[in-house]
Number of protein chains: 2
Amino acid sequence: QLPVGSLQLTLYQYKTCPFCSKVRAFLDYHGLPYEIVEVNPIMRKEIKFSSYRKVPILLANAGSPLQLNDSSVIISAIKTYLVSRRNSLEEIVSFYPPVKTVTEQGKEVLEYENKYWLMLDEKETKRVYPVKEVRVEEMKWRKWADDWLVHLISPNVYRTPKEALASFDYIVREGKFGTLEGLFAKYVGAVAMFFVSKRLKKRHQLRDDVREDLYEAVNKWVKAVGTNRLFMGGNQPNLADLAVYGVLRVMEGLEAFDDMMVHTNIQPWYQRMEEVIEK
Amino acid sequence: QLPVGSLQLTLYQYKTCPFCSKVRAFLDYHGLPYEIVEVNPIMRKEIKFSSYRKVPILLANAGSPLQLNDSSVIISAIKTYLVSRRNSLEEIVSFYPPVKTVTEQGKEVLEYENKYWLMLDEKETKRVYPVKEVRVEEMKWRKWADDWLVHLISPNVYRTPKEALASFDYIVREGKFGTLEGLFAKYVGAVAMFFVSKRLKKRHQLRDDVREDLYEAVNKWVKAVGTNRLFMGGNQPNLADLAVYGVLRVMEGLEAFDDMMVHTNIQPWYQRMEEVIEK
């Protein structure tokens, strides 16, 4: 079923960005090999070829080269391609068109249509989703991971000056920076993000202690998975499991992550995710 | 093909609301009979039964009663049902789940997933969309009608105090108001909306003369339809034609509408729409 060797993938990423981590979790779990190009977040020379200026970008070559933007579009398109070989990857991607739109606040944004929906026919749908409810459940929680869970990361990892410094130390160590750039990024970045994270906290109406919001969100997820299944996807993770795991794991090694492990019920599920992804 | 008598429909609406007009244009064009319940916009008693507090609401009875919310979900779900009888209407509606999400500005909003996408299998898709490009085109312009075109209506019909008064005279005449309510609504509403429309104009970054934005949008639409086809849908309107027509027609009888007819190239297409819908 897997397109061994027929799908050449290159992921342009910042290693510590949650959206990029989501894509890696998805590709790793499905055993798809890919090359990584770590992008320098200051100059972004590596993605100069692209008019879309964000990461992740996935270049996919299944015959002809194709650029996929937006982490959830990448995941939905590749997953559709793996399940259904009726359409070329190019055709599948065309079902997730970018549409320029204007928010209520008058800001112009690019949105991808249908991005949590796999483009399957009836037979394929039955194969992936034995019951219809689980399809909608997966969609809702994927969206929740993108629209809510990610917004808890910055306020938590830059919560105190000390944590902000530790976070940037980690970002600089894992990311692609020149020596001077790295030194600069670490201290200036930590100070800047400490203040930016306060603004984000206000914008997303988080509590004074942002840990509370993180714990609440994580426990809500654990409760949604419930006690009768290993993953939201049942015996195997579905795209919602992979998304939530991908987002949370960018905090690994930081205080926020350790706090989360101690103060929530996430650990058993998180360990199962680690096991099936590393397998 | 049409479910004569098997689909009982009741539309809860404000007659002059563009989203409601869109739904009527769709139902009328497809020859689907429906009852209308005009909602009193002050008390909204007529939709007290619903936790969803906006119009349009469509109650559909295809066996068991079902409530459909959001104009574009209504249109996509019913259209899917007309094309494909594989699924019950209830199942089809479940493919457009409402998802609570938080905007960049921290506002909680309800969004419906996949709302411009018809849930068709490969055969049905070929029947409705002979070429794949037209499916994406239809989706983009439906979204454009909802996210951009509608925002031009209020600033244009409440542009001057005189126009605001004429608009409210029309709203009160067409809508459901008590005698005193109507008198109150007309004068207070006109004054209020005159000022609100200035704020909307600013929010959506419209030009000083909002007519310019209306003309530009309308001409952009006419250009997208082009000269080689009668409608965006070819020889028959597609869902984008119906959406744009539905939105624009709420201005009929008002100065903005007459100005639009004189200063843009919309008239031939608009007349064709009137003809196929009245047929």
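These are my notebook entries on a predicted model with a chain A and a chain B.

**Entry 1: where the chains meet**

I began with the contact between the two chains. I found 32 residues of chain A in contact with 32 residues of chain B. I then wanted a size for this meeting place. The size of an interface is often given as the accessible area lost when the parts come together. Here chain A and chain B bury about 3,100 Å² between them, and 53% of that is on carbon and sulfur atoms. On the chain A side, I noted that Glu104(A), Lys132(A) and Lys143(A) lose the most area to chain B. Together they make up 18% of what that side buries.

How many salt bridges did I find between chain A and chain B? The count is eight. I looked up two of them. In one, the side chain of Lys143(A) meets that of Glu111(B), with N to O at 2.9 Å. In the other, Lys132(A) pairs with Glu91(B), and the closest N and O atoms are 3.8 Å apart. That pair runs from helix H5 of chain A to helix H3 (residues 89-94) of chain B. Lys132(A) is partly exposed, with a relative accessible area of 31%, and Glu91(B) is partly exposed at 30%.

Next I asked which elements of chain A supply the touching side. Helix H3 (89-94), strand E5 (98-102) and helix H5 (132-147) of chain A each give at least two residues. The largest share, six residues, comes from H5(A). By class, I wrote down 11 nonpolar, 10 polar and 11 charged residues for this side of chain A.

**Entry 2: aromatic pairs**

I turned to the rings and found 22 aromatic pairs over all chains. Why does the pair of Tyr52(A) and Tyr112(A) count as edge-to-face? Their planes stand at 75°, and the cut-off for edge-to-face is over 60 degrees. Their ring centres are 6.4 Å apart. Tyr52(A) sits in the loop between strand E2 (35-38) and strand E3 (57-62) of chain A, while Tyr112(A) is in strand E6 (residues 108-112), 60 residues apart. Tyr52(A) counts as buried at 15% relative accessibility, and Tyr112(A) counts as buried at 12%.

My next pair was Trp221(A) and Trp269(A), whose ring centres are 5.4 Å apart with planes at 75°, so this pair is edge-to-face. Trp221(A) lies in helix H9 (residues 210-225) and Trp269(A) in helix H12 (residues 267-278) of chain A, so the pair ties together parts 48 residues apart in sequence. Both of these Trp residues are buried. They also belong to a cluster linked by ring pairs, with Trp141(A), Trp144(A), Tyr245(A), Phe257(A) and Tyr270(A).

**Entry 3: salt bridges within chain A**

My search of the whole structure gave 47 salt bridges over all chains. In one of them, Glu255(A) meets Arg159(A), with the closest N and O atoms 3.4 Å apart. This pair links helix H11 (residues 255-263) to the loop between helix H6 (153-157) and helix H7 (161-174) of chain A, 96 residues apart.

I also checked Glu163(A) and Arg211(A), whose side chains meet at 2.7 Å, N to O. Are these two buried or exposed? Glu163(A) is buried, and so is Arg211(A). Salt bridges that share partners join Arg159(A), Glu163(A), Arg211(A) and Glu255(A) into one network with Lys162(A), Asp209(A) and Asp259(A).

Technical notes
Residues are numbered from 1 along each chain as its sequence is written. Chains are lettered from A and ligands numbered from 1 in the order in which they are written. This is a predicted model: local features need pLDDT of at least 70, side-chain atom pairs count only at pLDDT 80 or more; totals for chains, interfaces and linings use all residues. Side-chain values use heavy atoms; hydrogens and water are left out. Contact means heavy atoms within 4.5 Å. Buried area is the accessible area (1.4 Å probe) that two parts lose on being put together, summed over both. A salt bridge is a side-chain nitrogen of Lys or Arg within 4 Å of a carboxyl oxygen of Asp or Glu. Helices (H or I, at least four residues) and strands (E, at least two) are DSSP runs, numbered from the N terminus. Ala, Val, Leu, Ile, Met, Phe, Trp, Tyr, Cys and Pro count as nonpolar, Asp, Glu, Lys and Arg as charged, and the others, Gly among them, as polar. Rings of Phe, Tyr and Trp (its six-membered ring) pair if their centres lie within 6.5 Å; planes under 30 degrees apart count as stacked, over 60 as edge-to-face and the rest as tilted. Buried means under 20% relative accessible area, exposed over 50%, partly exposed in between (1.4 Å probe, protein chains only).
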